[in-house]
Number of protein chains: 2
Amino acid sequence: MNEKIVPRTFKGTRDFLPPEMMQRERIAGILRGIFRRYGFAPLETPAIEYLDVLMGKYGEEGDRLIFRLAYRDAATAGLRYDLTVPLARVVSQYPQLTRPFKRYQIQPVWRAEAPQLRQGRFREFYQCDVDVVGSTSVLADAEIVALTEEALSTLGFERFRIRVNHRKILAGIVEAAGLGPVWETPICRAMDKFDKVGAEGVSEELVRAGVADEARARLADVLEIRGAPVEVLSAVEPILAGTAQGPIGVVEMRRMLGYIEAFGVRPEHLTLDLNLSRGLDYYTGPVFESVLPDLPHIGSLTGGGRYDGLTGVFAEVPVPGTGTSIGLDRVMTALEQMNALSVSCSPTLCLVAHFDEATLAAALRFTARLRKTGVAAEVYYDADRLKKQFSYADKRTIPFVAVIGPDEAAAGRVTLKRMESGEQELLDEAVAVERLEEAARRLTSER
Amino acid sequence: MNEKIVPRTFKGTRDFLPPEMMQRERIAGILRGIFRRYGFAPLETPAIEYLDVLMGKYGEEGDRLIFRLAYRDAATAGLRYDLTVPLARVVSQYPQLTRPFKRYQIQPVWRAEAPQLRQGRFREFYQCDVDVVGSTSVLADAEIVALTEEALSTLGFERFRIRVNHRKILAGIVEAAGLGPVWETPICRAMDKFDKVGAEGVSEELVRAGVADEARARLADVLEIRGAPVEVLSAVEPILAGTAQGPIGVVEMRRMLGYIEAFGVRPEHLTLDLNLSRGLDYYTGPVFESVLPDLPHIGSLTGGGRYDGLTGVFAEVPVPGTGTSIGLDRVMTALEQMNALSVSCSPTLCLVAHFDEATLAAALRFTARLRKTGVAAEVYYDADRLKKQFSYADKRTIPFVAVIGPDEAAAGRVTLKRMESGEQELLDEAVAVERLEEAARRLTSER
């Protein structure tokens, strides 16, 4: 035999073994169901894209992080870096797609990070994006916020905040502070840190950026505005009067808040945070993200906003869009830290034991009957001692074991053991099926 | 602005736009449900693997078809070529996994084919594998056959055949024809073509391979054996008497057929085909595949068998396994050719029209109410003419449009139009919700 190869995963990537995958599939299933109820349709694009399609969209660092294929020459193709560029490509490539084009996409992306240098950054991870392409209506933005609330609630989060703001309000704030558009980027970057470093931290940052005292004082006033979204909006409105973009932002935000309310979003889940800016060069209208007040270290679970230049590199006429990205890894981590993930190694509800060759046919028929009624069941393959079979059920966290010995087989009965309590009952086969169906229903509604 | 980049997909890969993706998700959902009911748990592995993990398992051609990354140097890593090598790696890497390890895995794989040369071959395609690792019991093989039947039936296939055979029966047939083990490969390869080229074609092939007349006559006799699986087995049994492996194959096959029957597999779905061999160097026990008699050009929808050397390259002690691969692309093509795929561009059941700004809040509340009851609904974003909104519903194949104008809003009512028939009714909001819930239930049960 040849020398053995050490089995190992490529650095910075992960295997998802059954206990984690079962949770991941549950979460993806919940999200797909919500996306569809909101009228979003699924899209998938290939992992490999031509390099000219990928390059030049993520800045210099992004370009460096693209995994290139050694296919023909390294200049030909690479692995997708996100789901936004593929969306832009698809929208430009298939003009026959009806607009607004509402799509969701849940696929992995790849980044050639040096994994040892950046903790918690992976070279392969899933992105989960929902976007509306081809409408300028803030109704679309409001819908993304409503969808975000429904997604987080359904996933099991109770205390969370969806933070919203508007890039035009931010532009107005900068102008109202007496500063030109060139200041937007450094000021937004500083204000965005408010939640982490507080008002003083922001002020220090602004000093470092070279913002004059008077402008800083005006910005500080804005950051002190607190209250319900409509109150914050009313408080900032007079400050923005006379600026080029501020009043447009206020009008759009007011309409958006109205739509969000009509969609039934609960007020405690929504804040208008004037310091929120998100992707600086990218977003042009409303921006939003969601955070967990109890787990601030996890960062935002979702984030997005309106962008207008999506297809700019592919088409003459740029197409507007809005959408959000849901951080599946962060959602998983948060649910884990809330102990809201059930730990289960197997989907099986009932292990049907292997008593002997003579009763095996009865055991197989019972297994098939359970499966037909929707109960996840498996039969033990080998004629091992029952003790070993129970231990297998235990290790695989299978809640029930059914035993059909000669007496049971002759009488059409089953001994059903509940693994957690250890109690066991001799039941008619039909009754055992009912019990297990009932347990399956309970499990489904709990999950 | 820079020069525009031509939006295009990497050669040999595909975008799955919503109409196709909705079908793909439906099919994947059905399969996942069945896998779980059979006690298989999900597994996912990274797209990128170290080259030494990938190489040397697929033969020389396979090695050439591995997409290599231009990461550091091309000798480091590549994209996975199938789901079997990652399974072998996982089983060797995590000895703590309870065995038998039953997993399913639905993920894309990549092959650097020259796509223009080979029609219908893609450089990226999904594989869908179900395997039992760590048991030598033919009960596991029988279960894979039962699962295959349930999967194909549930996907909508009625007329299909699951063909089974056993590599040890094949070895016995070769020995009984008076030929040594070195002949197994050319003879199996020739016999495997029986369905395409008939008895004469096989005979010609055997002449070309240099098989003597007497041996050919004996092989021809075997190929003429027809009948129900147990009959075929009884007919071949005396021929194999005295061969080294044949009798073991017969005993195992007889037990396997008993288990398959006990699992409730319908006899018309099963044949024992003595010419079937599948992967020559790979399988060691039972082999199986499924075909559609009415669509023979599609080839096998599923294929698999028992292999014993799975983890050989990673571990000293090889681990036995059995499993099958379901060809998602072929399943899609077959359902398409049977007109069994519903064509739908959108998951939305009801478009809620945008009448004017005054009634919009009522429309949004109605939309939210539909979604809460599980009805997929979307609201039209812009204040366009109703005609344009109906045309949007039409293009997106949305079956219902709800209009809430000022009269409807004041009375808590909705005008509901059925797009197919054109009929429309003025209904109380609650009644409209009920109608749509009913339609959603009908649609779910149809799909």
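Colleague: Two strands pair if DSSP finds at least two bridges between them. How many bridges join strand E11 to strand E13 in chain A?
Modeller: E11 (residues 350-352) and E13 (residues 400-403) of chain A are joined by 3 bridges and run parallel. Strands here are DSSP runs (E, at least two residues), as are helices (H or I, at least four), numbered from the N terminus. This is a predicted model, where local features need pLDDT of at least 70, side-chain atom pairs count only at pLDDT 80 or more, and totals for chains, interfaces and linings use all residues. Residues are numbered from 1 along each chain as its sequence is written, while chains are lettered from A and ligands numbered from 1 in the order in which they are written.

Colleague: Which residue is the bridge partner of A:Val352 in E13(A)?
Modeller: A:Ala402.

Colleague: What is the strand order in that open sheet of chain A?
Modeller: The order of the 5 strands is E12-E11-E13-E14-E15, and the pairing is mixed. E12 (377-379) and E15 (424-428) are the edge strands, each pairing on one side only. On average, neighbouring strands are turned by 25° against each other, direction ignored.

Colleague: Which strands does helix H13 of chain A lie across?
Modeller: H13 (residues 357-372) lies across E11, E12, E13 and E14 (413-418) of chain A, and runs at about 165° to E12(A). Axes are lines fitted to C-alpha atoms, for helices over the stretch in contact, with angles from 0 to 180 degrees between N-to-C directions.

Colleague: Switching to chain B. Parallel or antiparallel: how do E13 and E14 run there?
Modeller: Antiparallel, with 4 bridges joining E13 (residues 400-403) to E14 (residues 413-418) of chain B. Within that pair, B:Phe400 stands opposite B:Arg418. E14(B) is also joined to E15 (residues 424-428) of chain B by 5 bridges, again antiparallel. There B:Val414 stands opposite B:Leu427.

Colleague: And which residue takes a positive phi in the hairpin of E14(B) and E15(B)?
Modeller: B:Gly422, near 85°; the hairpin has 5 residues between the strands.

Colleague: How many residues of chain B are in contact with chain A?
Modeller: 80 residues of chain B are in contact with 81 residues of chain A; contact means C-beta atoms, placed from the backbone, within 7 Å. Helix H1 (residues 18-37) of chain B gives the most to that side of chain B, with 6 residues.

How values were computed:
Two residues are in contact if their C-beta atoms, placed from the backbone, lie within 7 Å.
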